[in-house]
Amino acid sequence: MKPEKNKNFKFKHSLGQNFITDEFLLEDIADESGITKDDFVLEIGPGNGALTRCLSDRAYHVVAVEIDKSLIPLLKSNLKDYQNVSIINADFLNYDFQNIINEFPVGANDIKVVANLPYYITSPIINNLLQNPYISEMTLMVQKEVAERIVAEPNGKDYGILTLACNYFSDTEMLMVVSKECFFPKPKVDSAVVHFKKHDEFIGTKLASPLNETYEKLFKLIKASFAQRRKKLLNSLTNAGYDKETLVTAFSKLNFDENVRAENLSLNDYKNLLSLVGS
């Protein structure tokens, strides 16, 4: 049975609301997420609950966090027959995640996230999820050009800070490209679904925070490198305050060409460079 539609509901452009209308696509996303009956799932922005239903058919439990208060009655109606779904009316970015852990202790150490993210707030949500030690995997619908940046390889125009941040915390894979025709209201651009598999060292309730001193120094270096990405890396880092003589020596030890640019280095290259130039 299809989810009900509320004729009185008005889509909010400010919340980036674009609901998936293709039922086959909903099933594909749920399948590609790899959700099983052993999994505790967090869905961000469930909308009218269409994807939530597909996930709940596969999962142990689904917690759906929806920011729009006006959608809550519709969600409750559409999901009333699903006993393994909990609905929370909250802004995910301002929600105390510990509430979920306290209420649902079973499976909360290994949460999988599935979400159709609003374009305007994609990066903050991804950063939040990557740094959350309770989350092991994410299957996220994002703007296609953002997906291309997330999974980009070195030496390309899409490769940059977002790529490296995602690589730092996880392995990423683009699962599918989704036409804008599959949504209502129809967005201006296509979307894509990306899967994130978090690295083991960033999962676990005992992990206080992955944002340690090394991380801060590494991304200070990376951000300085891409601040002027059309310039040679040596010049960009010198302009950012790094000692040129130290950089030249480091480049030599690492066999970096002095003409190398920011997009030519891998995450490991940046880690190795940091070990030689410090902060």
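1. E137 and K112 form a salt bridge (a side-chain nitrogen of Lys or Arg within 4 Å of a carboxyl oxygen of Asp or Glu), with the closest N and O atoms 3.8 Å apart. E137 sits in strand β6 and K112 in strand β5, 25 residues apart. Both residues are buried, that is, under 20% relative accessible area with a 1.4 Å probe and protein chains only; over 50% is exposed, and partly exposed lies in between.

2. The model is predicted: local features need pLDDT of at least 70, side-chain atom pairs count only at pLDDT 80 or more, and totals for chains, interfaces and linings use all residues. Residues are numbered from 1 along each chain as its sequence is written, and side-chain values use heavy atoms, leaving out hydrogens and water.

3. K112 also pairs with D39, at 3.2 Å between the closest N and O atoms. D39 lies in the loop between α1 and β2 (40–44), 73 residues from K112. Relative accessibility is 12% for K112 and 7% for D39. A network of salt bridges links D39, K112, E137 and K197.

4. The count of salt bridges comes to 9. One of them joins R58 and D31, with the closest N and O atoms 2.8 Å apart. R58 is in the loop between α2 (50–56) and β3 (61–66), and D31 is in helix α1 (residues 23–32). R58 is buried at 17%, whereas D31 is partly exposed at 48%.

Note on methods:
Helices (H or I, at least four residues) and strands (E, at least two) are DSSP runs, numbered from the N terminus.
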